[in-house]
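I set out to record what I looked up in this structure, entry by entry.

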Amino acid sequence: QVQLEESGGGLVQPGDSLRLSCKFSGGMFNTWTMAWFRQAPGKEREFVAKISRGGGSVTDYADSVKGRFIISRDDVRKTVDLEMYTLKPEDTAHYYCAADRFWTSPFDEFWGQGTQVTVSS
């Protein structure tokens, strides 16, 4: 069974950077497409970024984070990271790592517990 564990959240000021990490276990990591989602209080969970399986040559980002966030994966360490730059208060949310088989998959089955990111002065 796939298990995901996020880390790296915290309280930062606007304009700061933060790096989230997600540790994968329970399967062959390089066969899974990985993604990050986030959920702010009172809002629905939203897509942030995803990266293709087998090396991660293809990435995709939500418009709201494009140019500020970078998703990457390490198939040896079985981790997927989210580097976040120029953070804004509207980036405040609980961030979740997710795994699914295919690029167009709904990512509705395997999720971590998430890590909180708070951007505030």
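**Entry 1. Basis.** I worked from a predicted model, in which local features need pLDDT of at least 70 and side-chain atom pairs count only at pLDDT 80 or more, while totals for chains, interfaces and linings use all residues. I numbered residues from 1 along each chain as its sequence is written, and side-chain values use heavy atoms, with hydrogens and water left out.

**Entry 2. Disulfide.** I searched the whole structure for disulfides (pairs of cysteine sulfur atoms within 2.5 Å) and found one. It joins C22 to C97, with 2.1 Å from S to S. C22 lies in strand β3 (residues 18-25) and C97 in strand β9 (residues 93-100), so the pair ties together parts that are 75 residues apart in sequence. I take strands as DSSP runs of E with at least two residues, numbered from the N terminus. The link of C22 and C97 is left-handed, with -80° about the S-S bond. Are C22 and C97 buried or exposed? Both C22 and C97 are buried; the term means under 20% relative accessible area, with exposed over 50% and partly exposed in between (1.4 Å probe, protein chains only).

**Entry 3. R53.** I located R53 in the loop between β5 (46-51) and β6 (59-61). R53 counts as partly exposed because its relative accessibility is 37%. Leaving aside neighbours within four places in sequence, I listed its contacts (heavy atoms within 4.5 Å): N30, T31, W32, T33, R73, R101 and F102. The side chain of R53 reaches the backbone oxygen of R101 at 3.2 Å. I also noted that R53 and M34 are 19 residues apart in sequence and 7.2 Å apart in space, C-alpha to C-alpha.

**Entry 4. T33.** T33, one of the contacts of R53, is found in strand β4 (residues 33-39). I recorded T33 as buried, because its relative accessible area is 2%. Beyond four places in sequence, the contacts of T33 include I51, S52, R73, A98, D100, W103 and F107.

**Entry 5. Positive phi.** I looked at F107 next, which has a positive phi of about 55° although it is not a glycine. F107 sits in the loop between β9 and β10 (110-111), and it counts as buried at 3% relative accessibility. K78, also not a glycine, has a positive phi of about 60°. I placed K78 in the loop between β7 (69-74) and β8 (79-84). K78 is partly exposed, with a relative accessible area of 30%.

**Entry 6. E83.** I found E83 in strand β8; E83 counts as buried at 16% relative accessibility. Which residue's side chain does the side chain of E83 join in a polar contact? The partner is Y85, at 2.6 Å. A polar contact is a pair of N or O atoms within 3.5 Å; within protein, one must be able to donate a hydrogen and the other to accept it, and residues adjacent in sequence count only if both atoms are side-chain atoms. Apart from neighbours within four places in sequence, E83 is in contact with L18, R19, R68, F69, I70 and S72.

**Entry 7. Lining of the largest pocket.** I noted that R38, A40, K43, E46 and E90 lie nearest the centre of the largest pocket, among 13 lining residues. A pocket here is an open set of points on a 1 Å grid over the protein atoms alone, where a 1.4 Å probe fits, with protein on both sides within 12 Å along at least five of seven lines; lining residues have an atom within 4 Å of a point.

Key: Helix = DSSP H or I, 4+ residues; strand = E, 2+ residues; numbered from the N terminus.
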